[in-house]
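Please look over the sequence and the model below before reading on. The paragraphs that follow lead through selected parts of it in turn.

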Amino acid sequence: MIKKYLFLVLIVLISFHLSAQEWVVPAEEGVKLSPFAFNDSTRKVGADLYNTNCKSCHGDPGKNNVINLVPPPPDVASVKMQTNSDGALHFKLVQGRAPMPSFKNILSSTDIWRVISFVRSFNDKYVQVIDTKKGMAGTAASNVKIQVAWVKEQNQVQMVISGMKENKIQPVSGAEVKLFAKRYFGNLLIDEARNTDAQGKALFNFPKDLPGDSAGFVQLIAKLSDEAAYGEAKADTTLAIGVPTYRPPLNEQRAMWNVVQKTPIWLLLAYTFTVLVVWGFIFYVLLQIRAIYKAGLRKDHETTD
Amino acid sequence: MSNNNNSTDDRINSEGEDKNSRRAFFKNFGLIGAVAAAGGAAIYSGYKYEESKPNHDMVKVLTADNRLVEVPRDQIKDIKLDTSELQRKGREGLKGHRFVMVIDLSKCRNARKCISACQGAHHLRPYEYHINTLVMQESPETAPYYMPKPCQHCDNPPCVAVCPVNATFKRQDGIVLIDNERCIGCRFCIAACPYSARLFHWEEPLMSEADKGKPYNIELNVPQKKGTVTKCLFSSDRLREGKLPYCVSACPNGVYYFGDENQDAVTNGTTKETYRLSELLRVNGGYHLMPELGTKPRVFYLPPKNRLFEFKDTRDQDKEKI
């Protein structure tokens with residue numbers, strides 16, 4: 001009987017431990033492999049990305065100077081980190097879970113693989129297995145070119161994608177593409193993700209009220225979602241399709257809170273008027289005193305005469 | 001004969017000596033003079049060289065790219081960063097922008113990461129807040145929620161209007177800043193601010209020893225100065241680099257959005273996803289704090305709806321700690 005209870009308690013404890021600690025990775029995600037071989041250049045880019053995005057929590061690799069969070073971020077050189085498969089690391093970086101943020105909108109898939117290549121450089125026993133099915137990036141099509149144009153009649157942005165396939169330049173069909181407008185702190189998704197048709201075309205509805213610069217120019221970024229198949233295909237285009245926007249500086253108007261040069265007119269007038277009235281009165285009094293004094297002098301003359 | 005020879009030799013010699021003595025005199029004189037001149041010149045040049053020779057007292061210096069190098073002590077020159085340039089840039093602001101912040105109250109779990117990131121950047125003590133996280137409850141029946149409250153960077157700022165020395169000012173991009181080198185510590189602005197966003201350094205600020213002699217950065221308020229006022233700066237130093245503010249990028253729960261009203265876009269600090277500002281406010285029912293005052297804040301709030309997590313009241317714990 002006691003044994004039974006102990007067993008139960010053990011089961012409960014283990015399941016609790018698992019639910020609190022384990023980060024379950026879907027099987028199909030866990031077996032994912034990098035489409036390219038890790039080398040010094042991927043490690044170098046990965047190190048830079050690590051320093052800007054990961055170091056603040058995960059610390060310096062191997063130094064165990066991670067920050068105190070629940071659950072604690074493991075050191076990247078630790079066994080706990082290195083026992084993850086490449087696919088599991090990729091999944092965790094893409095998805096995130098509190099308190100670890102998701103990096104899907106911050107780093108591209110290729111960049112995430114670069115970070116993993118840097119992480120793997122702290123594991124001497126690691127031997128990379130490259131995705132043999134896909135081989136190197138750009139198997140579906142290489143040398144991918146994206147052209148972005150404005151279709152005025154339909155108020156749409158057209159994307160045409162072509163690439164080298166079987167040694168011929170062909171339209172890339174059935175690929176997921178996204179269109180972004182560049183903003184100061186990030187890229188704004190325009191419409192939604194679309195798939196290219198047989199001619200390699202995709203059309204995006206462009207909002208009529210999106211502000212551009214003072215001439216209406218908007219910088220557009222076109223991207224293919226599947227980086228493993230097409231490489232880091234990206235196109236930057238600037239089109240005059242936004243609403244021309246000029247808004248004056250916020251400290252331009254005359255206001256009580258603004259600098260002396262921007263004093264409100266009513267205040268300037270009221271102040272000047274008040275000063276003139278006060279000084280005018282003082283001068284008037286002084287003049288009157290002078291007049292009285294002079295009158296007194298005249299009277300003296302008259303009496304002495 | 002030999003004597004003769006000798007005498008002739010002697011004579012010749014003596015004659016030679018006689019003959020040479022004048023020559024020798026001049027010769028010797030010239031030689032001595034030349035030697036003396038050369039010696040003098042050598043001594044003089046040696047003296048000059050000694051005088052001009054660098055002092056070989058070496059000093060170890062850590063360069064900006066983190067290399068340790070040795071430099072002769074007398075070749076070290078004190079340089080001062082152009083603080084007037086920092087001041088000019090800081091007063092002017094970023095052209096063509098109108099920065100806005102959106103705070104989604106439905107997501108705040110009081111993680112306090114924004115606060116610690118802010119305090120770290122601006123060298124504040126743990127009890128000095130540029131962002132206050134308030135516990136709000138509309139009525140006893142409604143659910144409580146957390147409300148982070150930074151400076152609202154009003155378009156009609158009462159704090160700036162009352163400053164007698166033009167120390168606090170509004171820039172063209174909408175940010176209200178304080179110049180701690182002008183601030184006289186009168187605290188009028190603290191009294192004028194309806195959002196209680198400002199705080200006064202009654203004591204020597206944290207890290208004031210370490211910050212001593214550092215050039216004052218008006219966009220960071222570092223070094224902080226005793227006897228002056230400080231408040232949220234929308235991390236204007238980060239905005240200049242195109243980065244999100246310290247608090248916004250530190251939040252783990254996706255509470256903060258930050259962006260540019262002129263571009264009608266805000267970016268979430270946690271997910272880095274960008275949204276249309278107008279749509280975000282319209283769909284979620286965004287609002288201002290105390291709009292009736294006419295201060296026109298640049299911080300929007302999204303109401304605390306659909307909160308799918310438990311509210312942990314930490315107030316009692318705080319009381320116990322105190």
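Predicted model: local features only at pLDDT ≥ 70, side-chain atom pairs only at ≥ 80, totals over all residues.

On the side of α3(A), the contact is formed by Thr42(A), Arg43(A), Val45(A), Gly46(A), Ala47(A), Leu49(A) and Tyr50(A). On the side of α7(A), the residues taking part are Asp111(A), Arg114(A), Val115(A), Ser117(A) and Phe118(A). By type, the residues of this contact comprise six nonpolar, three polar and three charged.

Helix α7(A) also packs with helix α6 of chain A, residues 86-95. Here the axes are 10 Å apart and the angle is about 125°, which makes α6(A) oblique to α7(A). The crossing of α6(A) past α7(A) is right-handed. From α6(A), the contact draws on Asp86(A), Leu89(A), His90(A), Leu93(A) and Val94(A). From α7(A), it draws on Ile112(A), Trp113(A), Val115(A), Ile116(A) and Val119(A). The residues of the contact between α6(A) and α7(A) divide into eight nonpolar, one polar and one charged. Val115(A) is listed in the contact of α7(A) with α3(A) and again in the contact of α7(A) with α6(A).

Domain 1 is assigned to residues 20-120 and domain 2 to residues 142-239. Between the C-alpha centres of these two domains of chain A there is a separation of 29 Å.

Further along chain A, helix α9 spans residues 265-304 and includes Tyr293(A). Is Tyr293(A) buried or exposed? Tyr293(A) has 10 other C-beta atoms within 10 Å and is therefore exposed, as a residue counts as exposed when that number is 12 or fewer. Tyr293(A) and Pro74(A) are 219 residues apart along the chain, and their C-alpha atoms are separated by 96 Å.

Chain B can be described through its overall figures. Nine helices and 13 strands are found in chain B. Chain B has 322 residues, of which 34% count as buried. Among the contacts in chain B with a separation of 6 or more, 56% are accounted for by residues 24 or more positions apart.

Notes: Residues numbered from 1 in each chain as written. Chains lettered and ligands numbered in written order. Contact = placed C-beta atoms within 7 Å. Helix = DSSP H or I, 4+ residues; strand = E, 2+ residues; numbered from the N terminus. Nonpolar A, V, L, I, M, F, W, Y, C, P; charged D, E, K, R; others polar. Domains from an automatic or database assignment. Axes fitted to C-alpha atoms, helices over the stretch in contact; angles between N-to-C directions. Parallel < 35°, antiparallel > 145°, perpendicular 65-115°, else oblique. Left-handed = near helix turned anticlockwise from the far one by under 90°. Buried ≥ 20, exposed ≤ 12 C-beta atoms within 10 Å, placed from the backbone.
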